[in-house]
Amino acid sequence: MEKNFEHFAKLAKIHFEKEEIESFEKDFLKILEFVKKLEGLDLKDVKPLSHPLDLENVEREDKVKEFGNEKLKEKLKESFCERKGNFLKVKKIL
Amino acid sequence: MIENLTIENFLEKLKNKEFSAKEFFEKLFEKIEKEDKEIGAFLSLNKEGAIKEAERIDELISKKEKLPPLCGVPCAIKDNILVEGLKCTAGSKILENYVAPFDATVIKKLKEAGAIIVGKTNLDEFAMGSSTEYSAFKITRNPHDPERVPGGSSGGSAAAVTKNFCLFSLGSDTGGSIRQPAGFCKVVGLKPTYGAVSRFGLIAFASSLDQIGPMTKNVRDCEIVFEIIKGKDILDSTSVEIERKFEEKKEIKVGIPKEYLVEGIEPEVKSAFESAVKKFQEKGVKFEEISLPHTEYALPCYYIIACAEASSNLARYDGLRYGNFCEGKDIFDTYSKTRALFGKEVKRRIILGTFVLSAGYYEAFYLKAQKVRRKIKEDFERAFEKVDLIFTPVSPTLPFKIGEKIEDPLKMYLSDVFTVSVNLAGLPAISIPIENLPVGLQIIGPPFSESKIFQVAKLYERD
């Protein structure tokens, strides 16, 4: 593998302690070896399948609808980590 | 009292006032509080809410009002399905204090039908596991042998039915999470056709594989609950109305895939499966050998797809919108410290999912797995041109010892070897207990053939 475990941990935004990395990496390589089993299959003209049902896209008019009541909206806001009134606070991005 | 009841005779006795709902629930909670200490099926109980609801049901009965179809029926809900006002942890530290702000569609339907929620059941964190040992809070023990696992990830829901803590429970099944614990705990469990039941309000693991389904004491109860929870829901665009009707055929032809009864299967499982097949033969069911040639690729294909979808679905746990939050020096540090709260198995799967979706590896892993997924679906389509249903064991082993596989993820993954194909192909499948052993018989049908599956599964019970 060209890129190491820490690279993917960074992409996934998960912090690992230094002493954990070795055992995670070992498991990761083992699982990778296992899923590599698909390598030998000839799948030249096979179309990928992303979903088990042959569904058509659901289209509807773009109408604004109320979801729940004030109580529900308050509950959704409440679960936010930091807020001031109706403002939900996030960390600085830039 | 509850030990000998099914949904139908519970309803009859309640309506005939052989007991009141309130009295029934008070006794039920006494039993749970006493007996669940050993088993650990529940993460939280809804005692106050349930008893209040029972009082309301008693009032309906005394006023001789029209009663809803599951009037007062006690049920337990896997803790990854939202019930308004109750904690919903998904078995994870990251959602330890999360209280559901609304009901999942299945819960709305159950409540409208009059069912009463007893509590929320234990599961592997985010439904990722096959033994319920990956729950961040506690392990659940198999009621038939407390040294062994109840299966997973819906282990708490399965154990709650076995222990008669409820008359039915709901689980979720992404790769076998209803069927395998149903088998291990000797109860009935249905994974419906993908789309048959709304996923709105189910905490997502792998959206193209997840389905909610019932776990019950017998096939008839399973059918009753399925009829209530199924149906199209505007809040889940992948849900559909079941329109397909099956004519009742005199002769039912069942296929047994030759790829399933090979090495790795425990002799007890094999012989229980063979005796069950014999019983069906005596009832006039015809069997023939079939082939599902891509079976050996199903497990690696499943782990690539399920983990890819999980890595995307679980990106929402950023500590900001809900769940626990760990302060970091900047936004990325906050994300990664918060997400370090995930358990070991969840981290493993997120990393694998991130890897198979990343530039340079996408084609070799994710795209390839999607192609294999089509081959697996086509295998089943070809088989169902010849046979009505397919029988296999649910898992290759009997329940294993607690701790036996927890350190070896690959060994744990192999528990799902007979169940994952069904999710990849979006098919319905039931697990029914056979030969009084903790092993299930899996009956797989074509899309939306649940009614036929129930009809055939009932043949085994009529002994």
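Two strands pair if DSSP finds at least two bridges between them. Keep that in mind as you click around this predicted model.

**Stop 1: the sheet in chain B.** Select the strands of chain B and trace them in the order β1-β3-β2-β4-β6-β5-β10-β11-β9-β7-β8. Together they make an open sheet of eleven strands, and the pairing is mixed. Going from one strand to the next, the twist averages 30°.

**Stop 2: the edges.** Which strands pair on one side only? Pick residues 42-45 of chain B for β1 and 286-290 for β8: these are the edge strands.

Stop 3: Now show Lys253(B) and look across to β8(B), where Lys286(B) stands opposite.

**Stop 4: a helix on the sheet.** Next, select residues 450-461 of chain B, helix α15. This helix packs on the sheet and touches β9 (389-393), β10 (429-434) and β11 (437-444) of chain B. Compare directions here: α15(B) makes about 5° with β10(B).

**Stop 5: where the chains meet.** Bring chain A into view. How many residues of chain A are in contact with chain B? There are 39, and they meet 52 residues of chain B. The largest share, seven residues, comes from α2(A). Finally, colour that side of chain A by residue type: you'll get 26 nonpolar, five polar and eight charged.

Terms used: Residues numbered from 1 in each chain as written. Chains lettered and ligands numbered in written order. Predicted model: local features only at pLDDT ≥ 70, side-chain atom pairs only at ≥ 80, totals over all residues. Contact = placed C-beta atoms within 7 Å. Helix = DSSP H or I, 4+ residues; strand = E, 2+ residues; numbered from the N terminus. Nonpolar A, V, L, I, M, F, W, Y, C, P; charged D, E, K, R; others polar. Axes fitted to C-alpha atoms, helices over the stretch in contact; angles between N-to-C directions.
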